[in-house]
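Welcome! Have a look at the structure below, and then we can walk through some of its features together.

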Amino acid sequence: MLRAGGLVALPTETVYGLGADAENPAAVARVFEVKGRPPTHPLIVHIGGAEHLGDWAEDVPATARLLAERFWPGPLTLVLRRGRRVPLEATGGLETVALRVPDHPVALALLSAFGGGVAAPSANRFGSVSPTTADHVRAELGDAVDFVLDGGPCEVGVESTIVDATGDTPSVLRPGGVTREDLEAVLGRPLAVHSTSRVRVPGQHPSHYAPRARVVLVEPEKVVAEAEQAQELGHHVGVFLPPSLADAKVKAHAVVEVPASPAAYARGLYGFLRELDLQGCDLIVASLPVEEGLGLAIANRLRRAAGPRPSGTDTV
Ligand code: TXA
Ligand code: MG
């Protein structure tokens with residue numbers, strides 16, 4: 001299917017991707033079309049192993065090689081100078097390319113059998129919540145995708161960490177499945193996090209990763225009062241109940257008990273948001289977790305979900 005220029009949704013450890021042959025500009029164009037994503041927004045090219053790095057990137061700094069060796073396969077995306085194999089269609093016209101080796105047996109088997117690179121953004125419509133099961137992909141993209149490869153629910157649940165590794169001083173463009181602390185331990189120095197950076201990172205649009213329901217963030221101790229007040233005003237309120245309030249009774253339309261472990265929270269996050277949409281919530285009240293470890297990525301996604309939306313629409 002990939003060789004024929006088709007679109008294949010594939011499982012990764014982070015979220016499901018909407019894959020196309022990275023070297024086929026027509027197939028890549030269809031990815032943008034199906035996602036409803038502006039063609040200037042670059043895709044991640046998935047490759048089968050760090051040993052192929054030289055085929056897809058040029059002038060790879062030693063630091064980038066170190067990160068690739070240490071974290072691939074895994075939820076780390078490296079932005080590097082574009083190699084000749086990468087068409088400009090896949091990079092949105094940029095001279096850099098985002099590369100990653102996913103840590104999922106099905107994705108790795110596919111990449112190895114295919115032999116090339118698979119350009120794949122998350123398999124959701126532009127701006128909405130990333131899919132973490134094959135059912136999410138089918139529900140969101142339906143017949144627009146030629147094949148959905150079901151590899152079970154994603155283990156990590158939030159997207160990869162994107163690191164700008166073009167220079168000698170790497171920085172984080174999007175927090176994700178590899179923690180800042182783990183990166184810093186390998187690099188032996190502190191790492192800047194530029195969630196809004198000079199480099200265009202469309203995943204950093206104010207409203208992104210957003211469910212249909214409006215998301216409101218409040219301090220953990222205010223979650224119950226805020227939710228009940230909105231429910232009384234006639235909203236269908238979904239509540240993300242923080243672990244510190246696990247036993248609290250809330251008068252709301254739907255309640256999600258947030259797992260105490262950040263890994264379990266990350267794994268469940270997008271499914272929770274989808275579930276509250278399905279249950280007909282129009283408002284979700286949540287609080288931010290502590291921003292360390294995976295909490296940094298979770299907080300980033302919640303902030304984006306709660307971000308301002310284009311006027312006149314409820315969903316991007
Ligand atoms: O975990 C993930 O990263 C998932 C799975 C499928 O691998 N993919 C994913 O893709 O989240 P997407 O397209 O939803 O997000 C990719 C992000 C976008 O924000 C894009 O702007 C950024 O990567 N990106 C891609 N190429 C870039 C480049 N050359 N420079 C800076 N950012 C880039
Ligand atoms: Mg995405």
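This is a predicted model: local features need pLDDT of at least 70, side-chain atom pairs count only at pLDDT 80 or more; totals for chains, interfaces and linings use all residues.

Where do R85 and E23 lie? R85 sits in the loop between β5 (76-82) and β6 (96-100), while E23 belongs to the loop between β2 (17-21) and α1 (25-35), so the pair ties together parts that are 62 residues apart in sequence.

Side chains of opposite charge can pair when their charged atoms come close. Searching the whole structure turns up 13 salt bridges.

## Two domains

The chain can be read as two parts: domain 1 covers residues 8-187 and domain 2 covers residues 214-305. Their C-alpha centres are 28 Å apart. Domain 1 brings 22 residues to the contact and domain 2 brings 15 residues.

There is also a record to set beside this division. UniProt, in an unreviewed entry, gives residues 1-178 the feature "domain: YrdC-like". In the model, that span is 24% helix and 21% strand, and 31 Å separates its end C-alpha atoms.

## Where the domains meet

How much area do domain 1 and domain 2 bury between them? The value is about 1,400 Å², with 58% of it on carbon and sulfur atoms. On the domain 1 side, the residues that lose the most area to domain 2 are V129, V158 and P175, which together make up 36% of what that side buries.

Charged and polar groups take part as well. The interface of domain 1 and domain 2 is crossed by 2 salt bridges. Elsewhere in the list of pairs, R274 and E140 meet through their side chains in a salt bridge of 2.8 Å, N to O. Between the two domains, 8 residue pairs are in polar contact. Helices α5 (134-141) and α6 (180-187) each supply at least two residues of the domain 1 side that touches domain 2. Sorted by class, that side has 7 nonpolar, 9 polar and 6 charged residues.

## Two backbone details

Now for the backbone. Which residues does a cis peptide bond join? They are W72 and P73, and omega is about -10° there. P73 is in the loop between α3 (62-71) and β5.

D59 is worth a look too: its phi is positive, about 50°, although D59 is not a glycine. You will find D59 in the loop between β4 (57-58) and α3.

Methods:
Residues are numbered from 1 along each chain as its sequence is written. Chains are lettered from A and ligands numbered from 1 in the order in which they are written. Side-chain values use heavy atoms; hydrogens and water are left out. Domain bounds come from an automatic or database domain assignment. Contact means heavy atoms within 4.5 Å. Buried area is the accessible area (1.4 Å probe) that two parts lose on being put together, summed over both. A salt bridge is a side-chain nitrogen of Lys or Arg within 4 Å of a carboxyl oxygen of Asp or Glu. A polar contact is a pair of N or O atoms within 3.5 Å; within protein, one must be able to donate a hydrogen and the other to accept it, and residues adjacent in sequence count only if both atoms are side-chain atoms. Helices (H or I, at least four residues) and strands (E, at least two) are DSSP runs, numbered from the N terminus. Ala, Val, Leu, Ile, Met, Phe, Trp, Tyr, Cys and Pro count as nonpolar, Asp, Glu, Lys and Arg as charged, and the others, Gly among them, as polar. UniProt positions are given in the numbering used here, feature names are shortened, and annotations may be inferred rather than shown by experiment.
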